[in-house]
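Please describe how this chain packs.

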Amino acid sequence: MSYWMQRELTLPAVRRGFHLVTRQLLQAIPEVAEIEVGLLHVFIQHTSASLTINENADPDVRVDFETAMNHAVPESLPYVHTLEGPDDMPAHVKASMMGSSVSVPIKNGRLNVGTWQGIYLCEHRDRASARQVVLTLQGKRSDT
């Protein structure tokens, strides 16, 4: 029998950059531990921040991500949409490039990711507010 649940989580405001949030997500949805096989889908409800999965061990990766994204999408381009500040339109472009969701397989009550993988909140604004994410869990519970 298939199990589904959905929960919304508010991630606190963070500075611009790439922030590991795997632990916060799992704390918000402890039911993952009950899933034998399934998926956790994480969706961010914002257009100037994004989600990705990548290296979770070396903090230099986070710095390099920010450097690469700023090089690929500079704030100095002649953007037309500037009402919310010079970092807003570049943030929208970066969020579209990175993506608004990730789906992670679950196996025996744990995220089935690689040894060095974690889920990142990619904050593309200089002064962002808290961010809302929707966590959708589906799968076969280990007790069924």
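## Packing report

Helix α3 is followed by Gly 99, which has a positive phi near 110°. The model is predicted.

**Helix α3 and its cover.** Helix α3 spans residues 88–98. Its buried residues are Asp 88, Pro 90, Ala 91, His 92, Lys 94, Ala 95 and Met 98. The cover over these buried residues includes β2 (17–20), β4, α2 and β7.

**Helix α2 against helix α3.** Two packed helices are described by the angle between their axes and the distance between the axes. Here α2 (residues 60–72) packs on α3 at about 115°, and the axes lie 10 Å apart. The range for roughly perpendicular runs from 65 to 115 degrees. The two helices α2 and α3 are therefore roughly perpendicular to each other. Their crossing is right-handed. From α2, the contact uses Phe 65, Met 69, Asn 70 and Ala 72; from α3, it uses Lys 94, Met 97 and Met 98. By type, the residues of this contact are five nonpolar, one polar and one charged.

**The cores.** In soluble globular proteins, nonpolar side chains tend to be buried together. The largest nonpolar core has 24 residues. Those with the most contacts inside this core are Leu 25, Leu 40, Val 42, Val 133, Leu 135 and Leu 137. The elements giving two or more residues to it are β1 (2–11), α1 (22–28), β3 (35–44), β4 (49–55), β5 (101–107), β7 (117–123) and β8 (131–141).

Which residues is Val 42 in contact with, leaving aside its neighbours within four places in sequence? They are Leu 25, Leu 51, Ser 100, Ser 101, Val 102, Val 133, Val 134 and Leu 135. There is also a second, separate core of six residues, including Phe 65, Met 69, Met 98 and Tyr 120. Phe 65, Met 69 and Met 98 also take part in the contact of α2 with α3.

| Residue | Place | Relative accessible area |

The cut-off for exposed is over 50% relative accessible area. Most residues other than glycine have a negative phi. Asn 108 is not a glycine, yet its phi is positive, about 50°.

Met 1 and Arg 15 are 14 residues apart along the chain. Their C-alpha atoms are separated by 42 Å.

How values were computed
Residues numbered from 1 in each chain as written. Predicted model: local features only at pLDDT ≥ 70, side-chain atom pairs only at ≥ 80, totals over all residues. Heavy atoms only, no water. Axes fitted to C-alpha atoms, helices over the stretch in contact; angles between N-to-C directions. Helix = DSSP H or I, 4+ residues; strand = E, 2+ residues; numbered from the N terminus. Parallel < 35°, antiparallel > 145°, perpendicular 65-115°, else oblique. Left-handed = near helix turned anticlockwise from the far one by under 90°. Contact = heavy atoms within 4.5 Å. Nonpolar A, V, L, I, M, F, W, Y, C, P; charged D, E, K, R; others polar. Core = buried A, V, L, I, M, F, W, Y, C linked by side-chain atoms within 4.5 Å. Buried < 20%, exposed > 50% of the residue type's maximum accessible area, 1.4 Å probe, protein only.
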